[in-house]
Amino acid sequence: KLQVQGIRNTSMNGAVDSLYLELASRHRVRASGVQIVKTAIIPSNKCIREAITMMHDPKIKFPVTQKIVRPHCKSLKTVFKYKRPTSCLM
């Protein structure tokens with residue numbers, strides 16, 4: 001079955017890796033079961049998938065999910081911390 005996929009990435013090798021990962025996650029296909037026939041860079045007006053076309057907006061903004069509080073002066077910075085950093089949002 002021939003399938004056309006549109007992948008957004010900064011390099012061609014990254015796009016091929018993303019394609020293998022997407023097919024493995026969505027369609028449960030191993031890398032040996034995929035044959036890539038052609039790769040091409042297409043202009044933004046030829047993109048079909050909604051997940052890719054929503055990234056074409058030049059004014060797109062992403063929310064800051066975790067804001068790291070940094071010390072405001074050099075005297076408050078320490079090399080060794082007494083407490084482990086936490087990544088949960090409060």
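**Salt bridges, pocket and surface of a predicted model**

Me: How many salt bridges does the count come to in this predicted model?
Reply: The model is predicted, and local features are taken with pLDDT of at least 70, while side-chain atom pairs count only at pLDDT 80 or more. For a pair to be included, a side-chain nitrogen of Lys or Arg has to lie within 4 Å of a carboxyl oxygen of Asp or Glu. By this rule, the number of salt bridges comes to 2.

Me: How many residues apart are R49 and E22, whose side chains meet in a salt bridge?
Reply: The side chains of R49 and E22 meet at 3.1 Å, N to O. This pair links distant parts of the chain, since R49 sits in the loop between α1 and α2 (50–53) whereas E22 belongs to helix α1, and the two are 27 residues apart.

Me: Which element gives the most to the lining of the largest pocket?
Reply: The largest pocket has a volume of about 1300 Å³. Of the 34 residues that line this pocket, the closest to its centre are V4, Q5, G6, L19 and K38. With 5 residues, the element that gives the most to the lining is α1.

Me: How many residues of the lining of the largest pocket are charged?
Reply: In the classes used here, Asp, Glu, Lys and Arg count as charged, while Gly is among the polar residues. The lining divides into 18 nonpolar residues and 11 polar ones, and the number of charged residues is 5.

Me: Where does V4 lie, and what is the C-alpha separation between V4 and I36?
Reply: V4 is found in the segment before α1. At 76% relative accessibility, V4 lies over the 50% limit and so counts as exposed. V4 and I36 are 32 residues apart along the chain, and their C-alpha atoms are separated by 9.9 Å.

Me: How far apart in space are L23 and V34, C-alpha to C-alpha?
Reply: L23 has its place in helix α1. Its relative accessible area is 9%, so L23 is buried. Although L23 and V34 are 11 residues apart in sequence, their C-alpha to C-alpha distance in space is 8.4 Å.

Me: How far apart in space are A15 and T39, C-alpha to C-alpha?
Reply: A15 lies in helix α1. With a relative accessible area of 15%, A15 is under the 20% limit and therefore buried. A15 and T39 are 24 residues apart in sequence, and from C-alpha to C-alpha the distance in space is 9.2 Å.

Me: How far apart in space are V79 and V29, C-alpha to C-alpha?
Reply: V79 lies in the segment after α2. V79 has a relative accessible area of 71%, so this residue is exposed. V79 and V29 are 50 residues apart in sequence, and the C-alpha to C-alpha distance is 47 Å.

Me: What accessible area do M54, M55, I60 and F62 have together?
Reply: M54 lies in the segment after α2. At 47% relative accessibility, M54 is between the limits of 20% and 50% and therefore counts as partly exposed. M54, M55, I60 and F62 form a nonpolar patch on the surface, and their accessible area together is about 380 Å².

Me: What value is phi of R28 near?
Reply: R28 lies in the loop between α1 and α2. The relative accessible area of R28 is 74%, so this residue is exposed. The phi value is positive in a residue other than glycine, and for R28 the angle is near 55°.

Definitions and conventions
Residues numbered from 1 in each chain as written. Heavy atoms only, no water. Helix = DSSP H or I, 4+ residues; strand = E, 2+ residues; numbered from the N terminus. 1 Å grid on protein atoms, 1.4 Å probe; cavity = no way out; pocket = protein on both sides within 12 Å on 5 of 7 lines; lining within 4 Å. Points joined across faces, edges and corners; volume = space filled by probe spheres on them. Patch = residues over 30% accessible without salt bridge, like charges linked within 9 Å, V, L, I, M, F, W, Y side chains within 5 Å. Areas by Shrake-Rupley, 256 points an atom, 1.4 Å probe, with all protein chains shown as cover. Buried < 20%, exposed > 50% of the residue type's maximum accessible area, 1.4 Å probe, protein only.
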